[in-house]
Amino acid sequence: PPARPDISKKRSFMKIAIFSDFHGQTDAYERFSELVKEEKPDKIVLLGDMTNKDGDISAARLTMANVYVPIIMVEGNCDVRGIGERIGVTCPGYTYLIEDGERKLLFAHGHTVNSGCLPSFMGKGDAFFFGHLHFPEISIVRGVACVCVGSMSRPRAGAPTCYAVYEGGVITVKNALTKETV
């Protein structure tokens, strides 16, 4: 019989939990901690606005110190420059790019890079995750799945608090309270 193809080289099966827009809300950090324990992701990506520019970072710092999963954060428009280091997470700036097999996954807050101005290197089959709008939305632009993950605090347009999960090439946006797919 023919050998089975080794798909592990083409696509990882890493589970990434993606959160945005906490705005310093203690209940959002508490909910985040619960969701991380339940979801058991391999990696967490935070899409910015962890605090407000003049906000207290102690809740964010304490929460992140008690999460034992690699965390990457991109800065949002309400974050103080250097917030990642101050709350104890890796922060490469305003965008973060990883590859899952041949698929590119781009993460940004959404205030400088968004579905209306995707970088030219993004193409069919890639995925772009962002926050900033405070409500969940999935659209396809130039073949790219553009996923606004919603907000962990202050949702807009009647939306619930939300987050997203990327696992094995599948994108799911979930209600942060019920964990049901939105």
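Q: What share of the contacts in the protein chain with a separation of 6 or more comes from residues 24 or more positions apart?
A: This is a predicted model. Take the contacts with a separation of 6 or more. Residues 24 or more positions apart account for a share of 53%.

Q: What radius of gyration does the protein chain have, and what would a compact globule have?
A: The chain holds 182 residues.

Q: What percentage of the 182 residues is buried?
A: A residue counts as buried when its relative accessible area is under 20%. In the protein chain, the buried share is 48%.

Q: Which strands lie at the edges of the five-strand open sheet?
A: The sheet has the order β5-β6-β7-β9-β8, with mixed pairing. An edge strand here pairs on one side only. From one strand to the next, the twist averages 15°. The edge strands are β5 (95-100) and β8 (136-141).

Q: Which strands pair with β7, and in what sense?
A: Strand β7 covers residues 127-130. Three bridges join β7 to β6, residues 103-108, in the parallel sense. Four bridges join β7 to β9, residues 144-149, and these two also run parallel. The partners are β6 and β9, and the sense is parallel.

Q: Which residues of β7 are buried on each face?
A: In a regular strand, side chains alternate between the two faces of the sheet. Both faces of β7 are covered. One side holds A127 and F129, while the other holds F128 and F130.

Q: How many disulfides does the structure hold, and which cysteine sulfur is nearest to that of C146?
A: A disulfide is a covalent bond between the sulfur atoms of two cysteines. A search of the whole structure finds zero. C91 is in no disulfide, as the sulfur of C78, its nearest, is 14 Å away. C146 is in none either, and its nearest cysteine sulfur, 10 Å away, is that of C117.

Q: Is C146 buried or exposed?
A: The cut-off for buried is under 20% relative accessible area. C146 has 1%, so C146 is buried.

Q: Which residues does R31 touch, leaving out those up to four places away in sequence?
A: R31 is found in helix α1, residues 26-39. Its relative accessibility is 13%, so R31 counts as buried. The residues R31 touches are M152, T161, A176 and L177.

Definitions and conventions: Residues are numbered from 1 along each chain as its sequence is written. This is a predicted model: local features need pLDDT of at least 70, side-chain atom pairs count only at pLDDT 80 or more; totals for chains, interfaces and linings use all residues. Side-chain values use heavy atoms; hydrogens and water are left out. Two strands pair if DSSP finds at least two bridges between them. Axes are lines fitted to C-alpha atoms, for helices over the stretch in contact, and angles run from 0 to 180 degrees between N-to-C directions. The radius of gyration is taken over C-alpha atoms; the globule rule is 2.2 Å times the number of residues to the power 0.38. Buried means under 20% relative accessible area, exposed over 50%, partly exposed in between (1.4 Å probe, protein chains only). Contact means heavy atoms within 4.5 Å. A disulfide is a pair of cysteine sulfur atoms within 2.5 Å.
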